[in-house]
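Below is a short report on a structure with more than one topic to cover.

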Amino acid sequence: MKEIFTIPAFSRALLALFASGLAFPLLGVYILSLELIPVRFGVMHLSLLGATVGLLVGVDPIIFAMLFAVAAGFIVSGLSTRASGSNSGGAMALLMTASLGVVFILFYKTNIQAIEAFNLFWGNVLALERGEVLLVAIVSTLILIASILFLRPISAVLFDRETAFAYGIPATAVYTGILVIVCVGIGLGIRITGALMVDAVTLLPALAAQSLKKNFRTTLLLASLCGVFNNLMGFAMALVFDLPTSPAIIVVGTLVVLSCKLIFYLQKKVERDRFAQAETG
Amino acid sequence: MTPSKTKGPAQDNHSILRAGNLAIGYRRSEPIVRGINLDFSTELTRTRVLGFVGPNGAGKTTLLKTCLGLLSPLDGELSLLGSDTRNHDFAGVRKKLAYIPQNRPEGSAGQLRISVWEAVSFGRLGRNGVTGRFRGVDRDAIDAAIAYCGLEKLASRAVQDLSGGQFQRVSIARAMAAEPSLYLLDEPGSFLDHEGQGAIRELIVSLATSGVPLILVTHDRALMELCGAVLFFEKGNAKLLDTKEYTARAEGLAT
């Protein structure tokens, strides 16, 4: 079994899954807190546009896909109301549909093979190249450092953006920063798990952590732990039972979410029973 | 701790709030209020409290948010603590303000499990750089504000688990922890029961008597008595009145 990890594809996959497992669930917590769930669809569409443009100009489509993902973060932040609590769902819906329209016009008018652009969405962690793994490691490190360094302003903005702004916190910059790293993380997550299963590395661990209803810092820590567990256990299950990796991670992640909900329910039941016993004396 | 008697622009007798032919409202909409002209300087009134009063929807909260920079003036000029709200350096003035909103956060953001201590600490973040690192003096101010508002036993509890009255006390503690040069309150206690309103009223009285100027949106007659002047909003206009003149007018309309 140990020999598997001497195979470069497997060791690269392991590194990418570990790094993304640590960091990408933090993005899941931000996505849930800011109601950015539509954002991930928008990032997929914009990444597709970026990949198409990359193919058009003869540059690695992943690079342009990432650049467009970053741009998506800035655009959504700009289109959202500056300092109010309005979310960015409407802005992202506009970008989604507009980018898809442009993509299909480019397919029609140029010699780009659509399948080359859509290849971006068929993620396969075992097919990650060295440069992509390095990118995942770097982005994951940046996400972790930013989340630790700016934890207080981030939590203030997530809690009440308008009031954070009123108190002189650079709420717009923090909000934009969150959006940008969320978009970049989703863009990279697409490459690891595929577009349709990017929630495996972002939302599922965040949902598990939030189910335990701990404070914000603990939730972030738990999300990271769940993310690493989901990814590595899912990968192990895929190897042992000959399963596709991303769906295996999703199944593990789903079971973890359900387990956390059960743990919370049982904790509350024990507390209620203890309280009732104390009351009856 | 008593609310900070910070020496700020108010005590140097600078203008607190100055408006020149100001129109307020939301972008790409008709102004809610036009032609606001006032110069609220604490040397001109018997107290350092300015009330925004008038019927619902008249523009009181809109002006408060415009003062904070959450909205831009549609026309005219507006300055707070001597700084134009549209200037880039107004961001520095915001660090000297303390805002108590009317409502608690809703939706997913409202479910973010932040402790009372953390929520109060947000009042100190603006002055501590982009990373929000706290020093001993910051923690002392936060602890003192929590103690003054009677929140010590709730300090580690999540704000989502608090009642409306308890949450408003958290908002007031956050404002006090900021040690501001100006308080801005938007109908504190408006959604509370009679007892809750009474408790909040006491805290606001202590803020008002601290010497730090206060701008207060309110329908509460008891809080209006704290005001040295009121800006009365009605039918698209806002007029600065002496508090006694306003209450006499309001009583006259009532009879």
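## Burial and make-up of chain B

In this predicted model, 46% of the 255 residues in chain B are buried. The secondary structure of chain B consists of nine helices and 10 strands. Of the contacts in chain B with a separation of 6 or more, 70% are between residues 24 or more positions apart.

## The six-stranded sheet of chain B

An open sheet in chain B is built from six strands in the order 6-7-8-3-9-10, with mixed pairing. Strand 6 (97–100) and strand 10 (237–242) of chain B each have a single partner strand and stand at the edges, so one side of each is left without a neighbour in the sheet. From one strand to the next, the twist averages 15°.

Strands of a sheet pair through backbone hydrogen bonds, in either a parallel or an antiparallel sense. For strand 6 of chain B and strand 7 (residues 182–186) of chain B the sense is parallel, and the pairing runs over four bridges. Within this pairing, Leu97(B) lies opposite Leu182(B) of strand 7 of chain B.

## Helices 1 and 11 of chain A

In chain A, helix 1 (residues 8–33) and helix 11 (residues 216–241) have axes that come within 7 Å and cross at roughly 145°. The crossing of these two helices of chain A is right-handed.

Helix 1 of chain A contributes residues including Leu17(A), Phe18(A), Gly21(A), Phe24(A), Pro25(A) and Gly28(A) to the contact. From helix 11 of chain A come, among others, Leu220(A), Ala223(A), Gly227(A), Asn230(A), Asn231(A) and Phe235(A). By class, the contact between helix 1 and helix 11 of chain A has 14 nonpolar and eight polar residues, and no charged ones.

## The interface between chains A and B

Where the two chains meet, 28 residues of chain A are in contact with 26 residues of chain B. On the side of chain A that touches chain B, the elements giving two or more residues are helix 1, helix 7 (151–159), helix 8 (161–166) and helix 11 of chain A. Helix 7 of chain A provides the largest share of that side, with six residues.

The side of chain A that touches chain B has 15 nonpolar, seven polar and six charged residues.

Conventions:
Residues are numbered from 1 along each chain as its sequence is written. Chains are lettered from A and ligands numbered from 1 in the order in which they are written. This is a predicted model: local features need pLDDT of at least 70, side-chain atom pairs count only at pLDDT 80 or more; totals for chains, interfaces and linings use all residues. A residue is buried if 20 or more other C-beta atoms lie within 10 Å of its own, exposed if 12 or fewer, and partly exposed in between; C-beta atoms are placed from the backbone. Two residues are in contact if their C-beta atoms, placed from the backbone, lie within 7 Å. Axes are lines fitted to C-alpha atoms, for helices over the stretch in contact, and angles run from 0 to 180 degrees between N-to-C directions. A crossing is left-handed if the near helix is turned anticlockwise from the far one by less than a right angle, and right-handed if clockwise. Ala, Val, Leu, Ile, Met, Phe, Trp, Tyr, Cys and Pro count as nonpolar, Asp, Glu, Lys and Arg as charged, and the others, Gly among them, as polar. Two strands pair if DSSP finds at least two bridges between them.
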